[in-house]
Amino acid sequence: MTERDRLDLRGLLPPNVMSSEQQIERFMVDLKRLEVQARDGPLDPNALAKWRILNRLHDRNETMYYKVLVAHIKEYAPIVYTPTVGLVCQNYSGLFRRPRGMYFSAEDRGEMMSMVYNWPAEQVDMIVVTDGSRILGLGDLGVHGIGIAIGKLDIYVAAAGINPQRVLPVMIDVGTNNEELLKNPLYLGLQEHRLDGDEYLAVIDEFMEAVFTRWPHVIVQFEDFQSKWAFKLLQRYRNTYRMFNDDVQGTAGVALAGLLGAVRAQGRPMIDFPKQKIVVAGAGSAGIGVLNAARKTMARMLGNNESAFEAARSQFWVVDAQGLITEERENIDQDASPFARKVKEINRQGLREGASLVEVVQKVKPDVLLGLSAVGGLFTKEVLEALKGSTATRPAIFAMSNPTTNAECTPEQAFSILGENIIFASGSPFKDINFGNGHIGHCNQGNNMYLFPGIGLGTLLSGAPIVSDGMLQAAAECLAAYMTEDEVHEGIIYPSISRIRDITKEIAAAVIMEAIEEDLVAGYRDVDARELQKFNKEQILEFVKINMWDPDYPTVVYHQD
Ligand SMILES: NC(=O)C1=CN([C@@H]2O[C@H](COP(=O)(O)OP(=O)(O)OC[C@H]3O[C@@H](n4cnc5c(N)ncnc54)[C@H](O)[C@@H]3O)[C@@H](O)[C@H]2O)C=CC1
Ligand SMILES: CC(=O)C(=O)O
Ligand SMILES: [Mg+2]
């Protein structure tokens, strides 16, 4: 540690100091794992090998790496992002070669303000920070969760054109409660249980103060914090810092856009959204985020008053690990309690506290079944069979948990049981289904990757000091409106990932316009607030476009022809 301090390396390496013997062991473990995988073959036997090749290119030649990523985003997003990034985090102790990003640990308390100056870049626009406590649907991966922050920032560069010299992945290592990692000699993080309570908050507070002191205009995206802290931290910081929580707010916007798309796909006007019956499986940071956003949108459509808000509540049934959530639930989580069903209501529906997902689907006959449970295969044959009773002309299934193995069902399962006339979306990518009769079953990717890059870019370019609800709503509405009537009727409710740079530009412009509307803009670089406020939509789109970084080699030598 003294050496790290003397060389200003504190925070630039994972907390655990490794001997050269351990480094050799790491290399050997990784090599052996590759041999085993080549023999047994995971889902994509080459996925980790592809990640390694891309990662080496990233280390060697950043411009070329992003050129490849932008040009082949559809092919490589599943490698640098979900699902392979999950496998990478799970195997990080073997895969780790060079550090990327910064590590702030519980041991660094009192040091963060000086550590932050160890980062070589003068300016940082985007930080994605995780504490590793809930990485995708894979649980507590401790310090190895840094992989998700790196993957999200790759999407920022590729989709939003954030300059890669100005992004910073951050891992806050407050320990881990993953017993395997606590015992693993190759684990790169602190081998102690997670801090909790005020001690935990003090670490996150110190980190926020440090990064905003050095880079007052940075935007901090919170990623994959366990639900227990996700909401608390969001409330703690959202009115004072430029920050948002991707799992709570980004996911909400993407799901909302998909839910509105599903209404249109049923041949109904969007204004019919408040009539949709929606069953949500999962009441964590993502599920509750979606429920809050969908309820608010319904209430707005119904008149935006108290009775509208109350009426909207009755369109949702929430099932968690203990079954249907009702007022009778003991020790109900305060974030879930607004969605607890009234006992009288559910008795009338033939349901009760703790009713199973199958029972709920059977009795409610929902228009939409949405999963954010992190439980692979939760939408079993019985659940999907029950959905056949849906009163919707075209029921929608959102199996949004990541990575692929955690999806609540596969498109094959959904289409084979429910037939062609459904809408299907999943958090991780699946291939479209060819029914062999000239028809295609579209597998939409319902992932917050369609929103967070535009939210970040729009906030950056507007100069807004906070990320307001209105800015998030504008982002979601922009995504919902992006799909044409024809596409929606075909069952395509999200754009192809190959259009992500274009949709991100549109979303960023929508976010800026809303920030102007709310008088939040402060401008960006040589465009000040007054000038920005005068821009029309075309000018804002152009402003966004010219501020998106393109992966081109800079001209270093000028010569005359
Ligand atoms: N597609 C996307 O863009 C996103 C997907 N996600 C995914 O959502 C999942 C959940 O994330 P969080 O809400 O943060 O996790 P969490 O762990 O806080 O919440 C999981 C919820 O699922 C419930 N659950 C567990 N077993 C269940 C069962 N058998 N039946 C019904 N509910 C059950 C739990 O009680 C809990 O309420 C993860 O897999 C994550 O990858 C999260 C954010 C964005
Ligand atoms: C996509 C994402 O943010 C998650 O699964 O946590
Ligand atoms: Mg996430």
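Predicted model: local features only at pLDDT ≥ 70, side-chain atom pairs only at ≥ 80, totals over all residues.

Reader: Why is α12 called oblique to α14?

Author: Helix α12 (residues 227–237) packs against helix α14 (residues 285–301) at about 45°, the axes being 9 Å apart. Angles under 35 degrees count as roughly parallel, over 145 as roughly antiparallel, 65 to 115 as roughly perpendicular, and the rest as oblique. The angle therefore makes α12 oblique to α14. Axes are lines fitted to C-alpha atoms, for helices over the stretch in contact, with angles from 0 to 180 degrees between N-to-C directions. Helices (H or I, at least four residues) and strands (E, at least two) are DSSP runs numbered from the N terminus.

Reader: Which residues make the contact of α12 with α14?

Author: S227, A230 and F231 of α12 meet S285, I288 and G289 of α14; contact means heavy atoms within 4.5 Å. These residues divide into 3 nonpolar, 3 polar and no charged. Here Ala, Val, Leu, Ile, Met, Phe, Trp, Tyr, Cys and Pro count as nonpolar, Asp, Glu, Lys and Arg as charged, and the others, Gly among them, as polar.

Reader: What makes β8 and β14 edge strands?

Author: The open sheet of 7 strands runs β8-β7-β6-β9-β10-β11-β14, with mixed pairing. β8 (323–324) and β14 (443–445) each have a single partner strand, so one side of each lacks a neighbour in the sheet. Two strands pair if DSSP finds at least two bridges between them.

Reader: How do you know that β6 pairs with β7 and with β9?

Author: β6 and strand β7 (residues 316–320) run parallel and are joined by 4 bridges, with A281 opposite V319 in β7. β6 and β9 also run parallel and are joined by 4 bridges, and V279 has L369 as its bridge partner in β9. Strand β9 (residues 368–371) in turn pairs with strand β10 (residues 396–399) in the parallel sense over 4 bridges, where L369 has I397 as its bridge partner.

Reader: Which way do the residues of β6 point, and are they buried or exposed?

Author: From strand β6 (residues 278–281), I278 and V280 point one way and V279 and A281 the other, and all are buried. Buried means under 20% relative accessible area, exposed over 50%, and partly exposed in between (1.4 Å probe, protein chains only).

Reader: What makes a set of residues a nonpolar core?

Author: A nonpolar core consists of buried Ala, Val, Leu, Ile, Met, Phe, Trp, Tyr and Cys residues joined through side-chain atoms within 4.5 Å. In the largest, of 164 residues, I127, F207, V220, F222, L370 and F398 touch the most other members. A second, separate core of 29 residues includes V319, F379, A386 and C409.

Reader: Why is D108 called buried?

Author: D108 has 5% relative accessibility and therefore counts as buried. D108 lies in the loop between β1 (102–105) and α8 (112–115). Not counting residues up to four places away in sequence, D108 touches R10, Y103, M115 and E206.

How values were computed:
Residues numbered from 1 in each chain as written. Chains lettered and ligands numbered in written order. Heavy atoms only, no water.
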